[in-house]
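The sequence and coordinates come first.

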Amino acid sequence: MAKLDLDWLVLFNALYETGSVSQAAERLGIGQGSASTILNKLRAQFKDALFTRTSTSMEPTPFARELAPEFRQMLEFLAQARGGPMPFSPGTSDRCFRICISDYSEIVLLPRLLNALCRAAPHVQIETQKIAPDSPRQLQSGELDLAIGFMPDLDAGFYQQTLFGQSFVCLAARDHPRIKAPRLTKAAYFAERHVVVPTTGTGHVMVRRALAQEGVARTVALRLPSFLGLARIVAQTELLGIVPRSLAETFVQQEPVRMLNLPFNVPDYSVKQHWHARFHTDPSNIWLRRLIAQLFLEADDEQPSA
């Protein structure tokens with residue numbers, strides 16, 4: 001590591017974000033040949049290809065993905081030592097932000113965010129993955145920039161900001177042969193068969209607890225890995241499904257389904273954006289958080305996780 005040149009780290013970071021030697025060179029104001037030379041020196045230093053060419057871009061190897069957050073942290077430290085963090089220019093940046101979200105957020109929130117990015121930062125890219133048990137570690141390491149959803153068990157070291165409140169409703173086919181009254185009773189609910197989506201990041205655990213308190217087991221006919229196909233299935237069968245209200249409002253516009261209030265109490269919950277304290281003052285992270293807050297915010301407080 002003592003042999004590493006600062007220019008090598010800068011080139012690595014630019015190539016990691018752009019996926020292109022030519023774009024990285026253009027960003028740094030150097031020739032493509034010089035960028036290729038630096039990349040070869042990095043490969044020799046670490047005895048790894050670091051980036052391999054695919055049909056669309058230069059993709060980082062697994063080892064390069066491990067190096068990326070460490071190199072980024074080094075550059076941030078050096079930038080601060082020179083007098084502050086490097087500014088973020090959304091109008092010209094082609095950075096790829098990595099966000100973990102629930103599939104519910106993918107349907108309801110992501111289109112709105114992408115439209116806002118198209119106007120404010122046309123070259124910025126978004127890469128998403130599902131909220132998972134490993135998401136907190138990835139937020140801490142810098143592999144992920146933000147998480148959006150329901151993550152009540154984050155440890156200290158994370159910040160959170162409430163975007164909006166959410167509740168659950170029941171989804172049924174519009175022409176369901178037995179569910180016709182505007183008010184769904186407990187007897188009618190538990191008499192039917194159900195489709196279940198036991199996903200993380202959506203507050204599903206509160207639905208499970210509420211059902212346990214009722215002391216009556218529902219008949220589960222189908223378990224799905226996500227909400228993506230639920231509305232079509234509900235519309236074409238007699239199954240009932242519990243979904244977040246905002247998602248149900250979207251489904252009602254897309255499929256012949258209707259939403260009904262649940263006949264038992266499930267607590268409301270808050271959809272929040274979460275980030276690690278390491279990136280609390282990072283200009284690009286701040287910019288993305290503020291953009292999301294402008295789109296969805298109900299409260300303007302940024303608070304450390306308990």
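Helix H12 is mostly covered in this predicted model, with 10 of its 14 residues buried. The helix runs over residues 283-296. From its first C-alpha to its last, H12 reaches 20 Å, close to the 20 Å expected at 1.5 Å a residue. The buried residues of H12 are Ser284, Asn285, Trp287, Leu288, Arg289, Leu291, Ile292, Ala293, Leu295 and Phe296. Their cover includes one helix, H6 (110-120), and the strands E3 (96-101), E5 (146-149), E6 (158-166) and E12 (269-276).

Strand E12 also holds His274. Is this residue, at 1% relative accessibility, buried or exposed? His274 counts as buried, because 1% is under the 20% cut-off. Beyond its neighbours within four places in sequence, His274 is in contact with Leu139, Asp145, Leu146, Ala147, Gly149, Met151, Leu154, Tyr159 and Gln160.

Ala173 belongs to strand E7, residues 168-173. This residue counts as buried too, at 1% relative accessibility. With residues up to four places away in sequence not counted, Ala173 touches Val234, Ala235, Thr237, Pro256, Val257 and Arg258. Between Ala173 and Phe51 there are 49 Å in space, C-alpha to C-alpha, and the two are 122 residues apart in sequence.

Turning to helix packing, two packed helices are described by the angle between their axes and the distance between the axes. Helix H1 (residues 6-18) packs with helix H2 (residues 21-28), and the axes of H1 and helix H3 (residues 32-46) also cross. The table sets out both pairs.

| Helix pair | Angle between axes | Axis distance |
|---|---|---|
| H1 and H2 | about 125 degrees | 8 Å apart |
| H1 and H3 | roughly 100 degrees | within 10 Å |

The angle of about 125 degrees between H1 and H2 makes H1 oblique to H2. Their crossing is right-handed. On the H1 side the contact is made by Val10, Leu11, Ala14, Leu15, Glu17 and Thr18, and on the H2 side by Val21, Gln23, Ala24, Arg27 and Leu28. By class, the residues of this contact are seven nonpolar, two polar and two charged.

How are H1 and H3 oriented to each other? They are roughly perpendicular, because their angle of roughly 100 degrees falls in the range 65 to 115. In this contact, Asp7, Trp8, Leu11, Phe12 and Leu15 of H1 meet Ala35, Ile38, Leu39, Lys41, Leu42 and Gln45 of H3. The contact of H1 with H3 has eight nonpolar residues, one polar and two charged. Leu11 and Leu15 are listed in the contact of H1 with H2 and in that of H1 with H3.

The remaining topic is backbone geometry. Most residues other than glycine have a negative phi. Lys47 has a positive phi, near 55 degrees, and is not a glycine. Lys47 is placed in the loop between H3 and strand E1 (51-53). What is the relative accessible area of Lys47? The value is 74%, so Lys47 is exposed.

Leu50 likewise lies in the loop between H3 and E1. Its phi is positive, at about 65 degrees, although Leu50 is not a glycine. Leu50 has a relative accessible area of 0% and is therefore buried, whereas Lys47 is exposed.

Terms used: Residues numbered from 1 in each chain as written. Predicted model: local features only at pLDDT ≥ 70, side-chain atom pairs only at ≥ 80, totals over all residues. Heavy atoms only, no water. Axes fitted to C-alpha atoms, helices over the stretch in contact; angles between N-to-C directions. Helix = DSSP H or I, 4+ residues; strand = E, 2+ residues; numbered from the N terminus. Parallel < 35°, antiparallel > 145°, perpendicular 65-115°, else oblique. Left-handed = near helix turned anticlockwise from the far one by under 90°. Contact = heavy atoms within 4.5 Å. Nonpolar A, V, L, I, M, F, W, Y, C, P; charged D, E, K, R; others polar. Expected span 1.5 Å × (residues − 1). Buried < 20%, exposed > 50% of the residue type's maximum accessible area, 1.4 Å probe, protein only.
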